[in-house]
Amino acid sequence: MGAGPGDPGLLTLRAVQTLQKADLVIADRLVHPEILKYARAGTEIILASHPCVNYPFSTNYPSYSKEELFSRMIQAAQNGQIVVHLKGGTPEIFARMSEELVALRQASIPYEIIPGITAGLAAGAYAEIPLTDAELSSALALVTGHQRSNKQGLPLDYRALARFPGTLVVYMGVTTSPQWAKELIQGGLSPKTPVAIVWRCGWPDQKTFRSQLGNLPETIALHKIDPPAIIIVGDVVRRMPETSWFQARPLFGQRILLTRPEEQSIQLADQLAELGAEVLVQPAIRITDPPDWRPVDDALAKLNHFDWVVFSSANGVRYFLDRLLQTGGDMRGLGRVRLAAIGPATAAQLAQYHLRADLVPEEFRAEALAEALLEALAPHPAGRRVLLIRASRGRPVLAEMLQAAGVSVQQVVAYTSTDVTEPTPEIAQALTDGRIHWVTVTSSSIARSLVQMFGPPLRKAKLASISPITSEILRELGYPPSVEARSYTLPGLVEAILEAVQKK
């Protein structure tokens, strides 16, 4: 299966469908790790090393010989498993597909070949170079810069390729550029022929370098370019703009760490990635079931006794209403009560259950919600009954303000929030090395957990806070935020980061 050149968004629909069925996935190190998330839970994943690739945020990958990989694939298939060998680019272009197929045929293993987008074509798109052009090039050649010493048949004649009437796209040509560039020139290609080097095509740290054929090796040495890189040779390189659309995205080059639970980071990650950022996820808190469902079940059984049900988070909505459905109830149980949400994200979660919040304060904080509720309960709040759905921890201010006005408040813990104490080693090292530019902080509990988990290395990144309350906690802990969202929502947080980057 071809995984494409880096950007996980280039994976084909057929590839996604097949990954979701796989029992075993063997992934080359040229494959973006986000692609592996399409594999279903419980799938065994082997990450095979690549001798020429420095893979960020990944260490201690095992190295398997070709024979070991083939043996493992065949053994798993013979045991009835669906096996996917996930390769960078596409299997049929410089990926030794024929060797693998010989082994599968000899073992009588049925197989399918799922193509991907090859790096050479993607480099043209992501560097904004038209590989063919009506005026400059009517042909395209995909060329290897690295040939096997025991290759059968004639070696590649680069001097003959110098007469090719079109664009040359060279794979695996960085380390061998002195040899093949010299031979192209000896074959008649001008030393001034324009060249583009596209490094790590489709990755968030993609770089593009201009050169000429005559000084290509010097350019590679000057910029310390290592594999993987695609080298495009020909007059079409003149069409390349100073900055391609891919690298012109406003957050390109920014590495942003998300700290919400992983399943809650998907939407934010997608939004940041669309803007060009490289997104990493390290949850600072873990959300799980409450220690005892009985208080929740008791509240569900007497929903019609309450005037209001108040949700202080989107997690509370999800856990409380899922429990309602799991215990045999449905949304008719909420028919009599009115619903309040602390902010737009919580209201949006209610909408997922086809429920509309009756009250959402203008400001996303407990004080504003309490004030809005008391106004809704006026002129006689005393004796009114409110069910407050909350986490296992959090600020008590909402319940205290309501109770001070005489409101009868019953609090129910619908989910447990606990700190994650040990970060992923690669993330911790990246933060220590200063390779993470931004860390998002979307709640007070996440703020405290982050400081406990990372300590001083957290100061090497800029902290983006979602609200004044979260910012206040960060300052109390000695880690003031660099930016604070004006609207206390995830889109507001993205906007704050975007403004800071653009201003810089």
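Trainee: Is aspartate 307 buried or exposed?
Mentor: Aspartate 307 counts as buried, because its relative accessibility is 16%. Buried means under 20% relative accessible area, exposed is over 50%, and partly exposed sits in between (1.4 Å probe, protein chains only). Keep in mind that this is a predicted model: local features need pLDDT of at least 70, side-chain atom pairs count only at pLDDT 80 or more, and totals for chains, interfaces and linings use all residues. Residues are numbered from 1 along each chain as its sequence is written, and side-chain values use heavy atoms, with hydrogens and water left out.
Trainee: Which side chain does aspartate 307 meet in a salt bridge?
Mentor: That's arginine 336, at 4.0 Å from N to O. A salt bridge here is a side-chain nitrogen of Lys or Arg within 4 Å of a carboxyl oxygen of Asp or Glu. Arginine 336 is partly exposed, at 48% relative accessibility.
Trainee: How many salt bridges are there in the structure?
Mentor: The structure has 20. One of them pairs arginine 200 with aspartate 205, with the closest N and O atoms 2.9 Å apart.
Trainee: And is arginine 200 buried or exposed?
Mentor: Buried, at 5% relative accessibility. Aspartate 205 is buried too, with a relative accessible area of 18%.
Trainee: What about arginine 255, what does it form a salt bridge with?
Mentor: With glutamate 278, and the closest N and O atoms are 3.0 Å apart. Arginine 255 is buried at 13% relative accessible area, and glutamate 278 is buried at 12% relative accessibility.
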